[in-house]
Amino acid sequence: GVGALGGPDRRARRRKRVRAATPNNDARGKARYEMDRAIKTKDRAFKELIEKYKRQGVDGDSLEIAMRSIGDNHSFLEWARSPVDQMIAWLTEHWDPKRPESERWSLAIQTGRGGARLSHGHARQFEYVYQTLVLWREVLHDMVRLWYPSEQDLLDPPHGHPLRAPGPGLTRLAPG
């Protein structure tokens, strides 16, 4: 059956409305009028979505908190993941994975040189750097999903880490 959320088309439209209401409006390379338009579009979509669901009985404040949280995640991803995406782009655009353009552009490392403790040729080091950047990008992409269970674990009453004041400020400390 269709289920409570509606069919695929309805879910796609809902996702599109949420994306319109929660983007991270990045100003880099944009004129002021473009940013003004993007902000107004986001605000209008945000207000329309909240009003739509309030009419259906959803608590407007809770929905606003959830939507702002989605927007915060978009901002976090722009801040944290975009530099890694840029590094991957530079690596794949400016270095040949098999061999360097010249010795100067080689990614090869040698034990004892520049603090290296291992030796790898250019191709192996290129692959290592690429895999590391891709892994880090994926970790950053899913950071919110990783934070949530950590927070739940910290806040779990029988096993959690209660908030204490061992000195200046508050700290979560293991029980015991």
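**Figure 1. Helices α1 and α2 in the predicted model.** In this predicted model, the axes of helix α1 (residues 8-21) and helix α2 come within 7 Å and cross at roughly 130 degrees. The two helices, α1 and α2, are therefore oblique to each other. On the α1 side, the residues that meet α2 are R14, R17, V18, A20 and A21. Their partners in α2 are T41, K42, A45, F46, L49, K52 and Y53. Sorted by class, this contact of α1 with α2 has seven nonpolar, one polar and four charged residues.

**Figure 2. The crossing of helices α2 and α3.** Two packed helices are described by the angle between their axes and the distance between the axes. For helix α2 (residues 32-55) and helix α3, the axes cross at roughly 140 degrees and come within 9 Å. This crossing of α2 and α3 is right-handed. Helix α2 makes the contact through F46, L49, I50, Y53 and K54, and helix α3 through G60, L63, E64, M67 and R68. The classes represented in the contact of α2 with α3 are six nonpolar, one polar and three charged residues.

**Figure 3. K47 on helix α2.** Residue K47 lies in helix α2. With a relative accessible area of 57%, K47 is exposed, because exposed means over 50%. Along the chain, K47 and E64 are 17 residues apart, and their C-alpha atoms are separated by 9.1 Å.

**Figure 4. Helices α3 and α4.** The axes of helix α3 (residues 60-80) and helix α4 (residues 82-94) come within 4 Å and cross at roughly 40 degrees. Helices α3 and α4 are therefore oblique to each other. In this view, L77, E78, W79 and A80 of α3 meet S82, P83 and V84 of α4. By class, the contact of α3 with α4 has five nonpolar residues, one polar residue and one charged residue.

**Figure 5. The nonpolar cores.** The largest nonpolar core has eleven residues, namely F76, L77, A80, V84, I88, L91, L107, F126, L133, L140 and M143. Helices α3, α4 and α5 each supply at least two residues of this core. Leaving aside neighbours within four places in sequence, V84 is in contact with L133, W136, R137 and L140. A second, separate core has eight residues, among them L49, I50, Y53 and M67.

**Figure 6. I109 in the loop between α4 and α5.** Residue I109 is placed in the loop between helix α4 and helix α5 (122-141). At 25% relative accessibility, I109 counts as partly exposed. Not counting residues up to four places away in sequence, I109 touches A116, L118, S119, H120 and Q125. Of these, Q125 is 16 residues from I109 in sequence and 7.5 Å away in space, C-alpha to C-alpha.

**Figure 7. V144 in helix α6.** Residue V144 is found in helix α6 (residues 143-155). The relative accessibility of V144 is 36%, so V144 counts as partly exposed. Although V144 and L77 are 67 residues apart along the chain, their C-alpha atoms are separated by 9.7 Å.

Technical notes
Residues are numbered from 1 along each chain as its sequence is written. This is a predicted model: local features need pLDDT of at least 70, side-chain atom pairs count only at pLDDT 80 or more; totals for chains, interfaces and linings use all residues. Side-chain values use heavy atoms; hydrogens and water are left out. Axes are lines fitted to C-alpha atoms, for helices over the stretch in contact, and angles run from 0 to 180 degrees between N-to-C directions. Angles under 35 degrees count as roughly parallel, over 145 as roughly antiparallel, 65 to 115 as roughly perpendicular and the rest as oblique. Contact means heavy atoms within 4.5 Å. Ala, Val, Leu, Ile, Met, Phe, Trp, Tyr, Cys and Pro count as nonpolar, Asp, Glu, Lys and Arg as charged, and the others, Gly among them, as polar. A crossing is left-handed if the near helix is turned anticlockwise from the far one by less than a right angle, and right-handed if clockwise. Buried means under 20% relative accessible area, exposed over 50%, partly exposed in between (1.4 Å probe, protein chains only). A nonpolar core is a set of buried Ala, Val, Leu, Ile, Met, Phe, Trp, Tyr and Cys residues joined through side-chain atoms within 4.5 Å.
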